[in-house]
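Please read the numbered points alongside the view below.

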Amino acid sequence: MASISETRKWKYDIFLSFRGEDTRNNFVSHLYTFLTFKGIHAFKDDKALDRGKSISPELSEAIEQSRIAIIIFSKKYASSTWCLEELVKIMECVQKKGQIPIPVFYDVDPSDVRNQRNSFGEAFAKHEAYLKGTDLEKVKIWRKVVTQAASIAGWDVRNTANGNESECIELMVNRIFNSLDRSVSAVTMNLVGVESRLAEVKSLLNVGFGGVCSVGIWGMGGIGKTTIAREIFDTLSGQFEGSCFLANIREVSKKHGLEYLQKTLLSHILKLDSLNIGSVYEGINMIKARLHFKKVLIVLDDVDNGDQVENLIGNGNCLGSGSRIITTTRDKHLLNKHNHLYEVHLLSDSEALQLFSWHAFQTVSPEKEFEELTFHVLHYAKGLPLALKVLGAFLYGRDMVEWISALDRLKDTAEEGIVKQLRISLDGLGPKEKNIFLDIACFFRGKKEDEVIRILDASGFYSKIGISVLAQKSLLYVSRGIIEMHDLIQEMGWQVVRQVYPDMPGRYTRLWRYEDIYDVFTDNTGSEAIEGIMVPFELESLICNRSKAFKKMNCLRMLIVKGDEIRYHDPIAHPIDCFSNSLRWLDWSYYHFESLPENFQPRKLVGLNMFSSSIVELWKGLKVFDSLTTINLSWSKNLRRTPDLSGTPNLQRLMLKQCVSLEEVHSSTAYLRKLTLLNLENCKSLEFLPSSIQMKSLESFNLSGCLKLKEVPELSENMDSLLDLRLACTAIRELSSSIGHLSKVSILDLSFCEELVGLPANVCQLRELKVLWLLKT
């Protein structure tokens with residue numbers, strides 16, 4: 001197979017072109033499952049039917065955004081004009097975009113496909129018989145691309161692995177996996193000095209031989225332990241039956257416990273979505289039972305306690321033969337049960353110069369006029385990769401005067417350690433970027449990027465571009481949609497928050513540590529300096545009982561309370577009676593009270609996220625929240641009715657999923673003209689909705705699982721933004737003709753609507769409709 005070295009950013013790894021009638025429920029289904037199991041992102045058109053003479057724009061775009069195209073030639077492939085048009089587009093992308101084509105011959109002879117004999121010859125003869133005039137030119141093009149694609153070295157399923165389809169698929173997917181560049185750009189950029197270290201660790205792992213082998217990588221913070229482990233994992237994981245990279249174990253175990261890590265390990269390796277582990281003891285027994293015969297690759301990143309290793313992999317005997325374990329830590333003593341130890345040393349002078357130059361000058365060496373200043377910077381960084389990257393990114397594009405000023409700062413902190421030296425990287429940030437950095441360091445490391453952007457934008461930070469700026473300065477990175485930063489960078493952020501008033505938490509801008517929150521609320525020492533608080537579940541009752549402390553927090557814009565699911569069933573006796581009216585985002589899971597306080601009136605509130613709450617009614621009467629865009633009360637099982645929302649003219653997202661007691665949706669909801677998402681999925685008690693709705697911006701409307709709902713509201717003529725309407729498992733008997741107003745709807749789900757007797761005739765007018773589900777039991 002061709003080598004795949006293209007660095008283009010593709011949306012999909014694989015596009016599958018196939019004739020559904022021949023292969024959908026057998027070969028393609030198994031191939032797609034195995035690709036997914038290996039973590040390869042494949043596009044499979046599950047609606048691949050002949051729906052016209054040309055493929056849809058969406059399918060054409062999917063082909064263009066795929067790195068590899070697997071073309072599965074089967075007996076009826078050429079009888080489908082849809083498949084042939086797909087192939088024309090694929091071969092166009094091969095020529096213009098460097099896409100890699102891989103032909104697979106399923107139950108057909110490759111020479112028959114190349115020369116268009118037997119079933120392929122018959123199919124083309126029919127096309128020529130039915131098509132006339134200029135359409136005959138299409139047949140010539142189809143013949144040409146079939147010959148071209150079938151002439152490429154590929155896979156003949158009949159003659160591979162003795163005709164065993166399962167083994168053929170495994171061989172093919174493993175070959176594809178090893179050819180794909182699996183690296184993570186945020187981690188692997190400019191891996192100066194890493195190549196030799198990778199080779200040394202790989203030799204210790206001795207992959208390919210039997211037994212279980214463990215390698216411990218140790219060294220100081222910021223020296224590149226995780227980078228080495230991640231590179232090896234990305235390179236070798238395709239050679240194992242299962243793999244898992246457990247990142248940031250030190251922090252994750254503090255926040256979520258060892259059971260969470262055990263669950264993550266098993267879920268990743270066994271590809272399970274849900275897994276219940278009652279105790280650490282139960283977890284290690286489950287690991288032993290489930291992984292004993294599996295050849296797996298496991299990375300335990302940033303271990304700081306022997307119990308973490310013991311309760312995740314034991315002594316390694318719980319894993320199958322051929323398994324490999326990599327552990328990274330700052331503490332060598334935690335690795336005494338590993339087969340091999342590898343110490344990561346500081347970069348050599350030449351390596352340090354090269355790494356710094358990549359970040360400061362975007363070349364392998366410094367510009368001539370900056371050579372002497374570069375030498376001084378290298379002296380302070382002392383060969384530590386993290387410091388070299390951060391300082392280089394900070395100095396990139398700056399003039400001589402700014403370099404000299406930065407060096408003066410470094411001299412002042414030379415004796416205070418690398419964390420204080422790294423603070424210089426914050427000097428060039430604007431107020432918004434600095435606030436974004438501190439919020440992420442204190443509250444949002446390890447969180448999904450899109451969720452973080454939504455929360456930070458509530459404070460007016462324009463955080464998407466801000467996160468990009470921080471990434472360019474090596475202060476954070478986004479990996480697989482998750483925002484991450486190095487431990488030392490996070491520690492620097494914490495120090496910045498505490499440095500002005502080191503022993504006065506009431507004057508910190510952000511509170512996240514248990515002891516600081518406890519002191520501020522117990523002693524009522526809050527101040528207008530506090531902008532954000534993240535409350536652990538252990539202190540939930542304290543902030544309720546001492547809520548008057550919020551009165552002094554006149555600039556509090558963000559309050560996040562990690563409620564306790566267990567305590568959710570044992571309500572706190574003292575209801576909260578005071579919130580800061582400066583709040584812009586309130587996130588309180590398992591909120592224990594039946595409503596918000598009567599005096600709750602933060603006029604700049606943008607987001608209200610209170611899933612799994614005990615709320616019966618959010619508030620009574622009319623409240624004005626002009627800036628409110630998001631309300632999420634999903635899984636609030638006691639919610640009976642929604643409030644009057646006429647005072648929230650800018651509401652965009654209303655999420656009430658699994659509010660199983662919800663009986664009434666306030667009539668004002670029907671007139672929320674900026675609402676884009678309304679999710680009422682599985683509101684099993686909901687029987688009636690407003691008789692008509694005027695939500696002209698609505699894009700997604702989900703009523704699936706509303707078992708008692710018999711009528712769908714009249715849809716106004718201006719609701720032409722709706723793309724997705726889901727009514728599955730409802731009691732509706734008919735659809736109003738107003739459905740015809742939905743000119744852009746692409747998904748209409750009416751599956752398991754057992755009472756539905758028919759569809760209005762104007763459903764045929766829905767020209768953008770791509771998916772219509774009408775399944776019944």
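Which residues does Val 280 touch, not counting residues up to four places away in sequence? The first point below takes up this question.

1. Val 280 touches Leu 258, Glu 259, Gln 262 and Asn 311 when residues up to four places away in sequence are not counted; contact means heavy atoms within 4.5 Å. Val 280 belongs to helix α13 (residues 280–291), where helices (H or I, at least four residues) and strands (E, at least two) are DSSP runs numbered from the N terminus. Val 280 has a relative accessible area of 22% and is therefore partly exposed; buried means under 20%, exposed over 50% and partly exposed in between, with a 1.4 Å probe and protein chains only. A distance of 39 Å separates the C-alpha atoms of Val 280 and Arg 507, which are 227 residues apart along the chain.

2. On the basis of the model: this is a prediction, in which local features need pLDDT of at least 70 and side-chain atom pairs count only at pLDDT 80 or more, while totals for chains, interfaces and linings use all residues. Residues are numbered from 1 along each chain as its sequence is written, and side-chain values use heavy atoms, with hydrogens and water left out.

3. Strand β7 (residues 242–246) has five of its five residues buried, so it is largely enclosed by the rest of the structure. Gly 242, Cys 244 and Leu 246 point one way from β7, and Ser 243 and Phe 245 point the other way. Five bridges pair β7 with strand β8 (residues 296–303) in the parallel sense, and Cys 244 is placed opposite Ile 298 in β8.

4. Strand β6 (residues 213–218) runs parallel to β10 and is joined to it by four bridges. Trp 218 has Glu 343 of β10 as its bridge partner.

5. The largest nonpolar core has 160 residues, of which Ile 533, Leu 586 and Leu 680 touch the most other members; such a core is a set of buried Ala, Val, Leu, Ile, Met, Phe, Trp, Tyr and Cys residues joined through side-chain atoms within 4.5 Å. Helix α20 (residues 431–444) gives the most to this core, with eight residues. A second, separate core of 32 residues includes Tyr 77, Met 91, Phe 124 and Leu 131.

6. Val 535 lies in strand β14 (residues 532–535). Its relative accessible area is 0%, so Val 535 is buried. Beyond its neighbours within four places in sequence, the contacts of Val 535 include Ile 517, Glu 540, Ile 543 and Leu 559.

Technical notes: Pairing = 2+ DSSP bridges.
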